[in-house]
Amino acid sequence: MIKAYAAHEPEGELTPFEYDPGELKPDEVEIDVMYCGVCHSDLSVIDNEWGISKYPVVGGHEVVGRIRQVGSAVKGLKVGQVAGLGWHASYCEHCRQCDTGDHNLCAKARPTIVGHHGGFADKVRAQESAVVAIPDGIDLATAGPLFCGGITVYNPLSEFDIKPTDKVAVIGIGGLGHLALQFLNAWGCNVTAFTSSESKQEEALSLGAHNVINSRDKDQIKQASGEFDLIISTVAVSLDWEAYISTLAPRGRLHFVGALTQPLKISVFSLMSQQRSVSSSPVGSPATIKKMLEFARLHDIKPVIETYSFDQINQALERLRTGDVKYRIVLKR
């Protein structure tokens, strides 16, 4: 039996829950969970904000642990190896996206916490291809959030061939944004942080920003007109997107990684005149996660975390609901 914590209804308290995972499938691995990040997406699924939740919900998709057992067809992972599991627990492995390495875009990819029990547990199972070995030199206590928040902000740097000479801005200095600043700085970019919080300005600079713009100051935004090759939005609230688009350079891109549910209010003319674009992306493929982990190791990129024990899961979730976390929560054994 696997011992976990589960929500049985939207916004419900997580309570102890046991389930029988059945026989290990040939292509699966089972992981003894050592650490597990608590992400805002866990809250969204627990509360059924996206209308896709299946109860009972066992959250946890930023898993770090030691492989306990492997299926008969598993060849790339070994018992005793330290590995991580992110947003996806399996892929179809035969569609065009999987065949070309874009597993994260597989239409049949199975989320780790939707119709599958995640890492708020003592053990978790997943398809071998979704599990990524963690290289030596990575701080395991802080590695979990890299499997969701880290890869989410790293993926566009890889996807859009961002150059070290590019000027890049980040909207929102929170769970995603504070990682984006670190990755972009290490990438070699000139980095600007947009934040509405004066208290975060000095912190943004310490995390890798070279400049900070107060997003409530229209004059500061106007002074940045035509400046940025890329803006990464990490927030989940509607803003004056036209103002941000005006700060894009010709061929600049406004890219969304925050899970914004409201429609975007954008004028085509503000894009057309300078051949600007708007885009979005989810987490990255397992291959990109491997590259991201190696890049994080080389540049000592770590999320700033608060830690709780697994039996404090409800306290951790309540802390996350307040929005006052610096900057990621990790459960530990």
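**Close-up 1. Thr192 in strand 11 of the predicted model.** In this predicted model, Thr192 has its place in strand 11, which comprises residues 190-195. With a relative accessible area of 3%, Thr192 is buried. When neighbours within four places in sequence are left aside, the contacts of Thr192 are Val168, Ala169, Val170, Asn211, Ile213 and Phe228. One of these, Asn211, belongs to strand 12 and stands opposite Thr192, and the two strands concerned, strand 11 and strand 12, are paired in the parallel sense over four bridges.

**Close-up 2. The packing of helix 5 against helix 10.** Helix 5, residues 177-187, and helix 10, residues 286-299, pack with their axes 11 Å apart and at an angle of about 75 degrees. An angle from 65 to 115 degrees counts as roughly perpendicular, and helix 5 and helix 10 are therefore roughly perpendicular to each other. On the side of helix 5 the contact is made by Phe183, Ala186 and Trp187, and on the side of helix 10 by Met292, Phe295, Ala296 and His299. Sorted by class, this contact of helix 5 with helix 10 holds six nonpolar residues and one polar residue, with no charged residues.

**Close-up 3. The crossing of helix 4 and helix 10.** The axes of helix 4 and helix 10 cross at roughly 100 degrees and come within 10 Å, an angle that makes helix 4 roughly perpendicular to helix 10. Helix 4 contributes Gly150, Ile151, Tyr154, Asn155 and Ser158 to the contact, while helix 10 contributes Thr288, Ile289, Lys291, Met292 and Phe295. By class, the residues of the contact of helix 4 with helix 10 are five nonpolar, four polar and one charged.

**Close-up 4. Pro286 in helix 10.** Pro286 has its place in helix 10 and is buried, its relative accessible area being 8%. If residues up to four places away in sequence are not counted, Pro286 touches Tyr91, His103, Ser129 and Val132. Between Pro286 and Asp99, which are 187 residues apart in sequence, the distance from C-alpha to C-alpha is 13 Å.

**Close-up 5. Gly144 in the loop between helix 3 and helix 4.** Gly144 lies in the loop that runs between helix 3 (140-143) and helix 4 (149-159). This glycine, Gly144, is buried, with a relative accessible area of 3%, and the residues touched by Gly144 are Glu62 and Val64, not counting residues up to four places away in sequence. Ala73 is 71 residues from Gly144 along the chain, and the C-alpha atoms of the two are separated by 26 Å.

**Close-up 6. Helix 11 and its buried side.** Within helix 11, residues 313-322, the residues Ile313, Ala316, Leu317 and Leu320 are buried. Around the axis they cover an arc of only 95 degrees, which puts them on the same side of helix 11. The elements against which the buried residues of helix 11 pack are strand 1, strand 3 (28-38), helix 1 (40-46), strand 16 (305-309) and strand 17 (328-332). Just after helix 11 comes Gly323, which takes a positive phi of about 75 degrees.

Close-up 7. Strand 1, residues 2-6, has Ile2, Ala4 and Ala6 on a covered face and Lys3 and Tyr5 on an uncovered one. Strand 1 pairs with strand 2, residues 15-19, in the antiparallel sense over five bridges, and Ala4 stands opposite Phe17 of strand 2. In strand 16, the covered face carries Glu306 and Tyr308, whereas Ile305, Thr307 and Ser309 are on the uncovered one. Strand 16 and strand 17 are paired in the parallel sense over five bridges, with Thr307 opposite Val330 of strand 17.

Conventions: Residues numbered from 1 in each chain as written. Predicted model: local features only at pLDDT ≥ 70, side-chain atom pairs only at ≥ 80, totals over all residues. Heavy atoms only, no water. Axes fitted to C-alpha atoms, helices over the stretch in contact; angles between N-to-C directions. Parallel < 35°, antiparallel > 145°, perpendicular 65-115°, else oblique. Contact = heavy atoms within 4.5 Å. Nonpolar A, V, L, I, M, F, W, Y, C, P; charged D, E, K, R; others polar. Pairing = 2+ DSSP bridges. Buried < 20%, exposed > 50% of the residue type's maximum accessible area, 1.4 Å probe, protein only. Arc of directions from axis to C-beta.
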